[in-house]
Amino acid sequence: MANPTTFQLPAQTTYAPLANPVAVVSPQFIAPYPVDLRITKKLMTLAEGSFAVTDVNGTVLFKVKGSVFSLHDRRVLVDAAGKPIISFQQKLFSAHRKWYAYRGESSDSKDLLFTVKKSSILQLRTQLDVILASNTSESSCDFKIKGSWLERSCTISLADGSTIIAQMHKQHNLQSIMLDKDTFGVTVYPNVDFAFIVALVVILFEINEDRSGND
């Protein structure tokens, strides 16, 4: 009897840690390994806290508070204990859908962390530029977000566009359908601030949900 053929298992996916860690919010949100997150938005709700962010074990890491009736489309990312981590709001009457992100609950310019805007007004695929507060000239961006919103997928990279630091993908499962939820899986690469990535994904969601073109 012939020996059974040995099956070669697929290669394990690895992500090389960045030489220079990305710590936009705080080093406490950086892990030396890939971090898989699940971001869930409860549909058909006007209540605060409609976003929840959990790890692979279902532990709540963050929530996003905000009201659809907020004049400035203001959102606050809080940790599991309710402590404000990042506040972000949209600039009114901005053709590029520009959002400002501040430390804690501040809206003071001295606490600005970064801004996010559409790379161009007319787009077939989502392309956003992320500019850190330290980049005062704004002659070029510090990070890029690219993806297809219809497919609910995107990549977040450094300004060069080729060094990926996080990836988002739509999660389809029976539970999300039954519970009327929109769920996204996000893989944050090693040495990347995952609170920063969560804020970018929420802003991406808000920019694409707002299609009125009036602000």
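Begin with three rings: select Phe29, Phe62 and Phe194, which together form one aromatic cluster. The model is a predicted one.

Next, keep the aromatic side chains on display. A search of the whole structure finds 8 aromatic pairs.

Now select strand 4, residues 75-79. How many of its residues are buried? The count is 5 of 5, so strand 4 is mostly covered, given that buried means under 20% relative accessible area.

Strand 3 (residues 60-66) pairs with strand 4 in the antiparallel sense over 5 bridges. To find one of these contacts, select Lys65, whose bridge partner in strand 4 is Val76. Strand 5 (residues 84-90) also runs antiparallel to strand 4, and 4 bridges join the two. Here, select Leu77 and its bridge partner in strand 5, Ile86. The hairpin of strand 4 and strand 5 has 4 residues between the strands, and Gly82 in this hairpin takes a positive phi near 90 degrees.

Stay with strand 4 and select Arg75 together with Glu206. They form a salt bridge, with the closest N and O atoms 2.9 Å apart. This pair, too, links distant parts of the chain: Glu206 is in helix 2 and Arg75 in strand 4, 131 residues apart. Are the two partners buried or exposed? Glu206 counts as buried because its relative accessibility is 12%, and Arg75 is buried with a relative accessible area of 8%.

The structure holds 4 salt bridges. Another is found by selecting Asp129 and Lys144, where the closest N and O atoms are 3.7 Å apart. Asp129 is in strand 8 and Lys144 in strand 9, 15 residues apart. At 14% relative accessibility Asp129 counts as buried, whereas Lys144, at 22%, counts as partly exposed. Then select Asp111 and Lys110, whose side chains meet in a salt bridge of 3.3 Å, N to O. Lys110 is exposed, with a relative accessible area of 66%.

Turn to the backbone. Most residues other than glycine have a negative phi. Select Glu138, a residue other than glycine with a positive phi, near 55 degrees. Glu138 sits in the loop between strand 8 (126-132) and strand 9 (143-148), and at 37% relative accessibility it counts as partly exposed. Then select Asn191, where phi is also positive, near 65 degrees. Asn191 is in the loop between strand 12 (181-188) and helix 2. With a relative accessible area of 17%, Asn191 is buried.

For the last stop, select Cys141 and Cys154. Cys141 is buried, with a relative accessible area of 12%, and Cys154 is buried as well, at 7%. How many disulfides does the structure have? The count comes to 0.

Methods
Residues are numbered from 1 along each chain as its sequence is written. This is a predicted model: local features need pLDDT of at least 70, side-chain atom pairs count only at pLDDT 80 or more; totals for chains, interfaces and linings use all residues. Side-chain values use heavy atoms; hydrogens and water are left out. Rings of Phe, Tyr and Trp (its six-membered ring) pair if their centres lie within 6.5 Å; planes under 30 degrees apart count as stacked, over 60 as edge-to-face and the rest as tilted. Buried means under 20% relative accessible area, exposed over 50%, partly exposed in between (1.4 Å probe, protein chains only). Two strands pair if DSSP finds at least two bridges between them. A disulfide is a pair of cysteine sulfur atoms within 2.5 Å.
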